[in-house]
Amino acid sequence: MWELTIPRTIVVGEGALEYLKEVTGKRVLIVTDKVIHKLDFVEKVANYLKEAGLEVKVFDEVEPEPSIETIMKGAEIARKYGPDWLIGLGGGSCMDAAKAIWPLYANPDIEVAEINPFTKFELRKKAKLICIPTTSGTGADATWASIITDAKEERKMELPSREMVADIIILDPELPKSMPPSLVADTGLDALTHAIEAYVSQWRNDFSDALAIKAIQIIFKYLPRAYRNPEDKEAKEKMHNAATMAGIAFGNSQVGIAHAMGHSLGAIFKVPHGRTVDLFLSYSIEYSAREAMERYADIARAIGIEAKTDEEAVEKLIEAVRRLDREMGEPASIKELGISREDFEKRLDDLVTRAANSSCTFMNPRVPDVEDIKKLFIYAYEGKKVDF
Ligand SMILES: [Zn+2]
């Protein structure tokens, strides 16, 4: 038996934001950050909701990689205000924050760390959730987990609950238009990592496969265009859709060691999520190919790579991933991220422990032990080809 969790309504294409005029209810709490608040998106969203007769309040204190404290503060505001809709508006951090605030709002006695897949939180008795991504990559709008940072412990908490899935996702291509190229690259390559890891994950299934492979095709075709030309509307819209497709795929499959290692590096050295997970993607393919050769070869062929053998196809896929990274100025090694050898070596054991304990590690097609994870970090620091 396999339970799939999929967002109920996805509104796509030009003018999608106007769908908000059809929302029925009383009060909305928009969860967002200061940058998004400064752009006119919040006002636009609020105006449509007001047109629908709803009252609107904005909580704009979400920081990148949101902390436990922010979630608690947001939940407190929600409890006082009593919204029947929560809206996560922004990048992955804003949507993850809205998702995590939800169970705390519905259950005032619980703590952030108590969000888990086994408890019934009865979320919809209090409110429903709308996710409106303004970047194209995190897939946080489509998944049923929230990534929250425990700053004191320097760790990322992966908090899942199948109830925590959006009722409505709005993918309006107008919103990601203002992303700077470096953000297009970081978020787009995060989506690519989601889709590739979902396709080879041990929990892959026919449904996640279909969405993952289509997302990979779209990303290889349109991400370079979206990066090079901010005015390329078609490329931006395609990337916006692909990010959510990859999100549904990995939400119903899983990600693997590129995410386990990326979360670990990101929490300790404060590097943006997309940049860290993408950095590990090519190394993770080199390492995992032994256990998933056919799957990676499928991906290679789906993006038009011609090869006589699966091995050759996978070699060419790794080269294609590295070429895409180079094209978008992404670092190819931990060293290139600007982390000194001394700092890296000082924190290496912590990096390894965190990655080894991540649930993503166990879903990888080849499950590494602690020794292998350590070697992978060292190889990724030096930019060496994985040969073990
Ligand atoms: Zn990711």
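Tutor: Start with contact: heavy atoms within 4.5 Å. Take Gln254. Not counting residues up to four places away in sequence, Gln254 touches Glu197, Ala198, Ser201, Trp203, Cys360 and Met363.

Student: What kind of model is this, and how are residues numbered?

Tutor: This is a predicted model, where local features need pLDDT of at least 70, side-chain atom pairs count only at pLDDT 80 or more, and totals for chains, interfaces and linings use all residues. Residues are numbered from 1 along each chain as its sequence is written, and side-chain values use heavy atoms, with hydrogens and water left out.

Student: Where is Gln254 placed?

Tutor: First, the labels. Helices (H or I, at least four residues) and strands (E, at least two) are DSSP runs, numbered from the N terminus. Gln254 sits in the loop between helix H7 (233-251) and H8. Now try a C-alpha distance. Gln254 and Ala151 are 103 residues apart along the chain, and their C-alpha atoms are separated by 25 Å.

Student: Which residues are 53 places apart along the chain, with C-alpha atoms separated by 7.9 Å?

Tutor: Ile36 and Leu89. Ile36 belongs to helix H1 (residues 34-38). Leave aside its neighbours within four places in sequence, and Ile36 is in contact with Phe41, Val42, Leu89, Gly90 and Thr134.

Student: With which side chain does the side chain of His259 make a polar contact?

Tutor: Here is the rule. A polar contact is a pair of N or O atoms within 3.5 Å; within protein, one must be able to donate a hydrogen and the other to accept it, and residues adjacent in sequence count only if both atoms are side-chain atoms. The side chain of His259 pairs this way with the side chain of His273, at 3.2 Å.

Student: What should I know about phi?

Tutor: Most residues other than glycine have a negative phi. Glu65 has a positive phi of about 55° although it is not a glycine. Glu65 is in the loop between strand S3 (55-59) and helix H3 (68-81). Its relative accessible area is 30%, so Glu65 is partly exposed. Glu122 also has a positive phi, near 50°. Glu122 is in the loop between helix H4 (92-106) and strand S5 (128-133).

Student: How many salt bridges does the structure hold?

Tutor: A salt bridge is a side-chain nitrogen of Lys or Arg within 4 Å of a carboxyl oxygen of Asp or Glu. The structure holds 28. Arg228 and Glu327 form one of them (3.5 Å, N to O). That pair links distant parts of the chain: Arg228 is in helix H6 (residues 206-228) and Glu327 in helix H10 (residues 310-327), 99 residues apart. Arg228 is exposed, at 57% relative accessibility, while Glu327 is partly exposed at 43%.

Student: Which residues are linked in a network of salt bridges?

Tutor: Glu286, Glu315, Arg322 and Lys385. The side chains of Glu315 and Lys385 meet in a salt bridge (3.5 Å, N to O). Glu315 is in helix H10, and Lys385 is in the segment after helix H13 (370-382).

Student: What does the domain assignment give?

Tutor: Domain bounds come from an automatic or database domain assignment. Here the assignment gives domain 1 (9-176) and domain 2 (179-382). Their C-alpha centres lie 26 Å apart. The contact takes 28 residues from domain 1 and 32 residues from domain 2.

Student: How much area do domain 1 and domain 2 bury between them?

Tutor: Buried area is the accessible area (1.4 Å probe) that two parts lose on being put together, summed over both. Domain 1 and domain 2 bury about 2200 Å², 55% of it on carbon and sulfur atoms. In domain 1, Ser136, Glu154 and Pro176 lose the most area to domain 2.

Student: How many salt bridges cross that interface?

Tutor: The rule finds 0 salt bridges there. The count of residue pairs in polar contact between domain 1 and domain 2 is 9 (both at pLDDT 80 or more).

Conventions
Buried means under 20% relative accessible area, exposed over 50%, partly exposed in between (1.4 Å probe, protein chains only).
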